[in-house]
Amino acid sequence: MTRTSPLAGVKTDTLFVNLGPQHPSTHGVLRVGLTIDGEVITKAVPDIGYLHRGTSKLAEVRGYHHCVVLTDRWDYVSAMPNNLVFCLAAEKLMGLKIPPRAKALRVLMCELNRIASHLLFFGTYGIDLGAFTPFLYAFREREMVLDLFEMCCGARLTYNYIRLGGVMVDVGDNWIAKTKEFIEYFKPRLDEYDTLLTYNPIFMVRTREVGKIAAEVAVNWGLSGPNLRGSGVNYDVRKADPYCGYEQYDFEVPLGKSGSCWDRYFCRVSEMRQSVRLCEQVLATLPPGEFMAMGVAKVPKPAAGEAYAHVEGARGDLGIYLVSDGQASPYRMHVRAPSFINLAILQEMLVGNKVSDVIAILGSIDIVLGEVDR
Amino acid sequence: MTASGSGQAPPPKKVIPDPVFNEKNGRLLKDTRYWPTEVWANPWASPAYRRGAMLLIGIIGAIFATGWMIGELAPLGDTLYQLIASVASAGGLPQTATEATWIMIKALIILHVVLINGLWAVWWERKISAHIQSRVGPTYAGGFHGWAQTILDGIKLLLKEDITPAVADKWVHALAPAIVVVPVIIAFAPVSFGSQLAAADIDVGVLYIFAFAGISVIGVVMGGWASGNKYSLLGGLRATAQLVSYELPRGFSVVPVIMFSGSLDLSVIAHAQAGYWLGFIPKWFIFYPLVGQLAFIIFLIASVAETNRTPFDIPEAESELVSGFHTEYSGMKWSMFFLTEYGYVLLACFLLATFFLGGGAAPLPGLEIIPSWIWMLGKAMAMMFVFLWVRWTFPRFRADQLMDFNWKFLLPWSFANIAFAAAALLYLS
């Protein structure tokens, strides 16, 4: 006797769901076309370009000083490294020599900005996984960093602080005292975050086995920053190709083990501790002197040539390739945007996971759509 | 005030420091900010916080004092019943008219318990979550700590446009909020709010409550299905799986309570926990070694899951499903879902207080002068605080992990707990 399943005649189908561009947790205007079978993803297609402003093209009709303004708008969560990488490339073209105080200030600002950026990640990742409270804790502290930037250069988001040849203004004694106050306040907060979210059992069970990237896969997809280091690959531009005198400071590169969402998260939280260490060292050894190099032209016209500079931004290896033809504006500017390259692996990672994991994985990649689309 | 004389300096005035400008750069940027870091790290350093704590203690004391003055509510109810009966007999109406009026009054009271609870719980949740997150929450509406915030929100919701999506199944979409909200009001009938303060003394009260509480899930699924939204559909489907699953450990965790008290009547269960061991340890079920604590924890977890709150809020899952099954609802229809959620929270709190915390029994001998309904309310509110606390602390489970947790942890342990209880009863007898 043969038995037929009662569900034999039932037609089942997959469901197409648009995740974004107006979705609470796509961190901007990303759209992911998800094909789901029940709750399991069978296909995921990230769709980008909603925030495209063509800054690489715009740079070709602007002077070098003006291009720094454009860089602020890429990764608006951590704009200081963007300023820095453009200035480094342009300074290479112009052959400028940067005074030591300016170098130290650049390092200080970039590290403070890394803290601000990772705090945003920490908070929003909590929200992605349903924990709302860490978000407001993180923003309370991030607000202090933004206050510091506002005290220093007047802007809270798009700083335009690092300029060709140095930095915009010197920092005052009050500012240094305030920064030290922030650092002293911030150090115990990091332990608080660990108790609140990092070692929370539900958080760990949500993230430890999800979104694993093997080291080879990560290298093959060109990942960088905490996404790469979460897989255990020790590559940090600050160590591998030091700039602005990073070689004279003592800091570690935190590495993950299995490349899961939790490892990537943990890398970022550990990096905040290292950034605090770096800030302390810079403040202790801040050299006196000028904050701006002498002889930076009002309208720089570097000799024809090309230059590549890269820094360790908050999201990874941020690089700029500049070509000059001797005119007042760059002939070509190409950006190696870490968010854009990190996002590419998403379509492979999402397949086979649950809908809830999409949010966990997307959050752990930590993209900023301003940098993806530029 | 003159500087000469007493030598006692006047109290220092609170000085807000002038902004220090960064003269080094010749820039007019403020160089100082007010960072109350010592308050963020330790709220007790703030005098306002200490004042607030004193105020809270004062309010609680005032509630106890008021309760002591009013006394038990059951005699008042009897007086009211006699009054109605005398009016009815004076008007020549039959006995059934008195009964009908009396039932009507009780039903209205129950209805208002649920509705007023919505107002109170939303405000309280907003305040608690705010203070957990180092905010202050509503402060403006009504003046005193924003007490009128939810009332104004309710008016806003009443005035909002009621939107039905074009692709929605109109009738099902409209019916779903009603099907969700009615069972919670009905389920309150046998809840005992104190000694002899139950709207209906039902012999199978526990079964009755669980049976009606299970109906709401149909409304949730209907809402998710009829909205014509894929996120809503996913939310509705998740809700079905979750709510049906968590009914089981929730029901089984109460079985030891029923075994020890020997009744399904909530008033009897509460009454069975009266008295003290050694003269001071109350005979509440939560103090029964092992069995009591295990049952309490399972029931608490399952109740949080039943009410769709974090860490079990996967049917709503804001960051995944936008708002889950009630994404496409607006205005009062939407607030029906909200009302239901808070209604179930209150129901769970009263059940926790009845099953595990002795109902209206006083925690220490000598405190019986404060009436039972105050104790019941206090215990329920304490439990509600736990609900809010949990919600604003934990991240969310994933749907399949939630099921694992239910079927592989809660359910086996609730079965084991029944066995423990049976062994204990055998040993005692």
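Biologist: Before we get to the helices, how are the axes and angles defined here?

Modeller: Axes are lines fitted to C-alpha atoms, for helices over the stretch in contact, and the angles run from 0 to 180 degrees between N-to-C directions. Please keep in mind that this is a predicted model.

Biologist: Okay, so at what angle do helix 3 and helix 4 of chain B pack?

Modeller: Helix 3 of chain B, residues 74-90, packs against helix 4 of chain B, residues 95-132, at an angle of about 140°, and their axes are 9 Å apart. That angle makes helix 3 of chain B oblique to helix 4 of chain B, since only angles over 145 count as roughly antiparallel.

Biologist: Left-handed or right-handed crossing?

Modeller: Helix 3 of chain B passes helix 4 of chain B in a right-handed crossing. On the helix 3 side the contact is made by B:Tyr81, B:Ile84, B:Ala85 and B:Ala88, while helix 4 of chain B contributes B:Ala97, B:Thr98, B:Thr101 and B:Trp102.

Biologist: And how many of those are nonpolar, polar or charged?

Modeller: The residues of that contact divide into six nonpolar and two polar, with no charged ones.

Biologist: Switching to chain A, how do strand 6 and strand 7 run?

Modeller: Strand 6 of chain A (residues 305-313) and strand 7 of chain A (residues 316-324) run antiparallel and are joined by nine bridges. The two strands form a hairpin with two residues between them, and A:Ala309 stands opposite A:Ile320 of strand 7.

Biologist: Last one: why is A:His66 called partly exposed?

Modeller: A:His66, which is found in helix 2 of chain A (residues 64-72), is partly exposed because 14 other C-beta atoms lie within 10 Å.

Terms used:
Residues are numbered from 1 along each chain as its sequence is written. Chains are lettered from A and ligands numbered from 1 in the order in which they are written. This is a predicted model: local features need pLDDT of at least 70, side-chain atom pairs count only at pLDDT 80 or more; totals for chains, interfaces and linings use all residues. Two strands pair if DSSP finds at least two bridges between them. Helices (H or I, at least four residues) and strands (E, at least two) are DSSP runs, numbered from the N terminus. Angles under 35 degrees count as roughly parallel, over 145 as roughly antiparallel, 65 to 115 as roughly perpendicular and the rest as oblique. A crossing is left-handed if the near helix is turned anticlockwise from the far one by less than a right angle, and right-handed if clockwise. Two residues are in contact if their C-beta atoms, placed from the backbone, lie within 7 Å. Ala, Val, Leu, Ile, Met, Phe, Trp, Tyr, Cys and Pro count as nonpolar, Asp, Glu, Lys and Arg as charged, and the others, Gly among them, as polar. A residue is buried if 20 or more other C-beta atoms lie within 10 Å of its own, exposed if 12 or fewer, and partly exposed in between; C-beta atoms are placed from the backbone.
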